[in-house]
Amino acid sequence: MFKKVNVKILILFCVIIGFHNLTYSQSASNIKGKVVDIDSNKEISDVTIIINPDNTITISDKNGNFIFPEINKGSYTLTFTHISYSEKIEKIEINENETLVLKIYLKRNIKNLNEFEIIKLSEKNNHPIKIESISKFELLKSPNQDIAKTLQSKPNISVIRKGGTNVDPVMRGFKSTQLNVTIDGGVRIEGGCPNRMDPAISHVDINDVEKIEILKGPYALKYGTNFGGVINIIRKKPPNNFKFKTAVTAIKRFESNWNGNKDHLSIKGGNKDFYFILSGNKSKYGNYKTGDGEEISSELDKYNYSTTAGFSPFKNHDISLSFGRSYGRNISFPALPMDERTDDTKVYSLNYSGNFNNKTLKKIDFKVYHSEVDHVMDNKNRSFSDTVVAISVINAKNFGYRASTDLNIGKGNLIFGTDFENITKDGDRDKYFILQPNLPVKNEKLWDDAWISNFGIFTEYSQKFNNTNLTFSMRLDRNTASSNVLELNNMMGIPMYLNSDVDSEFTNFSFSAGANQNLSKEISVGFAFGRGVRSPDMTERYIILLPIGYDDYDYLGNPELLPEANNELDLELKYKNEKRGNAIFSTFFSYVSDYISAESVPPSIIKPQTAWVVGVKKFINLDYVYLYGFEFSYSSPLINNFGFNVNASITKGINPSATKYIIENNQVVGQEVLKNDPLQEIPPFESNLIAYYKFFDNRIIPEFDLRLVASQNNFSEAFEEQKTPGFIIAGFKCNFKYNDNLQIITGVNNIFDKAYYEHLNRKIIGSSQALYEPGRVVYINLVFNI
Amino acid sequence: MSACEKFDEEKQVSYLISNCESGFNVTYRDKNRTLIKKDISTSSAEDNWSYSFTCKQGDIVYVSAIYNDISSEINVQILVDKKLFKQASSKYDTLNFVTVSGTIPY
């Protein structure tokens with residue numbers, strides 16, 4: 001026994017020594033220096049110095065001194081920037097074990113002061129694979145005004161369309177609550193509609209967004225439970241100017257085809273002590289026509305206003321309060337049994353951010369929020385409302401907080417924190433039998449005071465070892481849920497279905513580890529492995545009979561569901577060359593255990609409540625499914641003002657043992673087992689090309705885009721999917737910056753007026769015809785800045 | 001839930017029952033969305049019954065009637081902004097209600 005213990009200690013000792021040597025045995029060169037004013041020769045503090053290709057940043061101290069320790073030998077570019085000085089770039093070479101001492105002279109450039117503003121974004125991410133992002137400039141140029149639709153420009157992201165707006169993102173085959181959609185890194189919204197006609201992402205207007213971050217895989221665990229990836233929508237923040245200053249932005253957008261009008265007005269201002277932003281948007285769109293001239297009911301009327309105000313009680317400490325309200329009116333969803341009649345959403349948040357910048361404590365962030373959605377929908381524009389008018393009223397609330405601390409631990413960075421989320425949901429459906437004597441009305445619960453609470457603690461540690469960045473993260477969630485008894489009565493009040501076993505509690509452990517290593521100046525590799533665990537959501541646990549799937553079934557919640565776990569492996573290869581361009585290839589494999597799916601329930605147990613469905617499906621856990629795929633993207637260098645970007649991606653998902661139900665005369669009459677049936681709602685292979693040319697010092701940039709989508713032959717038979725034809729569509733846009741006050745973006749989407757639909761588009765309700773995409777759309781965005 | 005929201009356009013709705021000389025029982029949904037039942041007496045087929053109110057798009061309108069005299073007949077109509085929205089009629093049938101209903105179109 002003693003010997004065994006000793007052997008273990010010896011092995012552990014060797015590992016530690018080996019690890020230590022790995023860390024510190026590399027040669028160590030240093031770059032240090034001083035930054036001074038070229039005229040006065042005075043030292044300049046707070047100069048930002050970026051060293052590339054390492055992309056490491058340091059800031060000069062009060063004596064103008066800076067240092068980059070432990071640099072490998074080689075050629076580097078140093079960029080010096082300061083608010084009051086012109087930028088300076090220095091190219092240097094350093095040998096092994098050399099300490100290079102520099103003296104850098106900067107020329108004063110006061111006029112930059114007026115242009116300078118700090119926009120506080122989310123904390124720095126140490127994600128083991130590439131974080132993709134969409135900036136406000138890209139959003140402004142986007143041919144689509146739906147936030148989720150703009151995500152489609154990124155590889156392996158698609159959307160589920162059910163109407164003209166509020167599309168729902170799908171990333172690497174993961175969708176709905178398998179994705180963590182968060183606002184400002186911590187605020188959440190629980191949509192009202194069980195059919196996700198108002199997913200969380202639809203409650204934010206595109207013109208209020210500063211940036212969208214996309215973190216694929218179950219690796220970023222600090223934003224809450226993460227199963228398949230994070231979409232972090234960062235809203236525009238008030239500026240911190242040195243002197244009080246205000247700015248006004250007005251945007252007018254028009255889209256042909258569906259006579260779409262969209263207006264935006266925002267006013268922001270402040271100084272280093274106080275700041276604010278006020279913003280409002282209004283959108284009104286009609287029905288659109290497809291490429292073959294068919295009119296699709298897609299009208300929408302949305303408006304919202306929001307404000308954020310904050311102050312800095314001390315330098316580097318900020319407290320802000322945000323409030324927003326958004327409204328949707330008469331929004332058509334031809335692929336759903338109901339349309340949105342009204343949607344009133346409130347979002348409040350209180351934020352604190354403190355930058356300490358001392359030896360150990362870097363930053364503390366705290367955020368508390370409350371969101372509430374009042375959602376009303378009905379079937380009054382459906383043909384079956386001639387006999388039964390159904391009106392659903394749903395209230396969904398979400399309350400939570402997130403607190404995190406950012407520390408310097410040794411040579412690494414440690415983030416730890418806690419978050420909490422409490423979702424409550426209650427909803428009714430009233431059915432008016434309008435052709436029957438005395439107008440009988442049946443009330444059914446969709447959710448009956450259901451709630452889910454999730455308390456989590458998380459930590460993330462990252463450290464750089466020479467050419468290697470390592471990131472580890474862990475997360476522990478305690479998830480509890482309950483509801484009133486799941487009950488469905490007939491017209492006489494007699495129970496047709498009763499389930500009183502509604503409580504569930506889970507403790508979920510998630511973790512991830514990843515590494516990035518620079519193999520050379522141009523090539524780097526990344527590797528990540530993670531396990532993200534997600535407890536069942538409100539719909540999967542407690543929905544009481546609604547047709548919410550792609551197939552024609554009423555769905556029934558299952559409070560006994562287990563959490564599903566995504567065990568994912570990612571590999572990434574990056575190539576970066578100033579002359580040849582940048583390329584990234586990444587591939588992933590996900591093994592999902594206890595995958596949440598659904599199986600048919602015999603009518604002897606429960607009968608469907610929707611006229612046109614064939615039966616009832618109840619949510620269940622499958623043993624496992626797996627998904628895999630790749631993404632490739634390439635950005636060319638700018639040669640003679642011409643450049644292009646191309647990407648390609650595919651995801652495949654497999655259910656090793658799926659059940660297909662045999663339907664005859666609109667009833668389930670049998671079933672068969674399918675081996676290796678593709679998972680439902682997985683998009684096919686897709687490739688995008690964007691080519692652009694920069695005229696007149698970037699003031700005019702025409703851009704041509706081509707989108708190629710292959711036919712989807714891998715469709716789920718178990719979920720009654722069908723083959724989808726491939727298509728190619730082309731678009732064109734031109735960005736014209738007249739001056740600092742006026743910018744015009746105009747373009748054409750679907751130039752050749754192609755009639756097509758995506759594999760993920762739902763079917764028009766009551767038919768087998770897919771919902772087609774809009775035909776040709778000419779759009780113009782006028783942007784005024786004062 | 002209120003089907004009549006302020007963003008929806010107001011409509012003038014009329015229920016009209018005609019051509020029934022024997023009297024009838026009527027059930028209708030009024031402006032407060034309450035179901036009202038009334039016995040109506042008529043002395044000739046020219047005696048019409050009507051009820052008018054304002055409503056908004058999306059509201060449910062409902063009127064249903066039955067008569068007692070097997071030799072009688074009835075015509076039930078819903079008018080929206082003085083235009084015929086829906087109608088139904090019955091002759092020599094005292095067993096079945098004549099029901100006209102729907103939602104005011106958006």
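Modeller: Across the interface of chain B and chain A, the rule finds one salt bridge. This is a predicted model, in which local features need pLDDT of at least 70 and side-chain atom pairs count only at pLDDT 80 or more, while totals for chains, interfaces and linings use all residues. Residues are numbered from 1 along each chain as its sequence is written, and side-chain values use heavy atoms, with hydrogens and water left out.

Biologist: What makes D386(A) and K86(B) a salt bridge?

Modeller: The term requires a side-chain nitrogen of Lys or Arg within 4 Å of a carboxyl oxygen of Asp or Glu. The closest N and O atoms of D386(A) and K86(B) are 3.7 Å apart, so the pair meets that rule.

Biologist: Which elements of chain B give two or more residues to the side that touches chain A?

Modeller: They are β2 (24-29), β3 (35-40), β5 (60-67) and β8 (98-103) of chain B, strands here being DSSP runs (E, at least two residues). Of these, β8(B) gives the most, with four residues.

Biologist: How many residues are in contact between chain B and chain A?

Modeller: With contact meaning heavy atoms within 4.5 Å, 20 residues of chain B are in contact with 19 residues of chain A.

Biologist: What is the area buried between chain B and chain A?

Modeller: Taken as the accessible area (1.4 Å probe) that two parts lose on being put together, summed over both, the buried area is about 1,600 Å², of which carbon and sulfur atoms give 64%.

Technical notes: Chains are lettered from A and ligands numbered from 1 in the order in which they are written.
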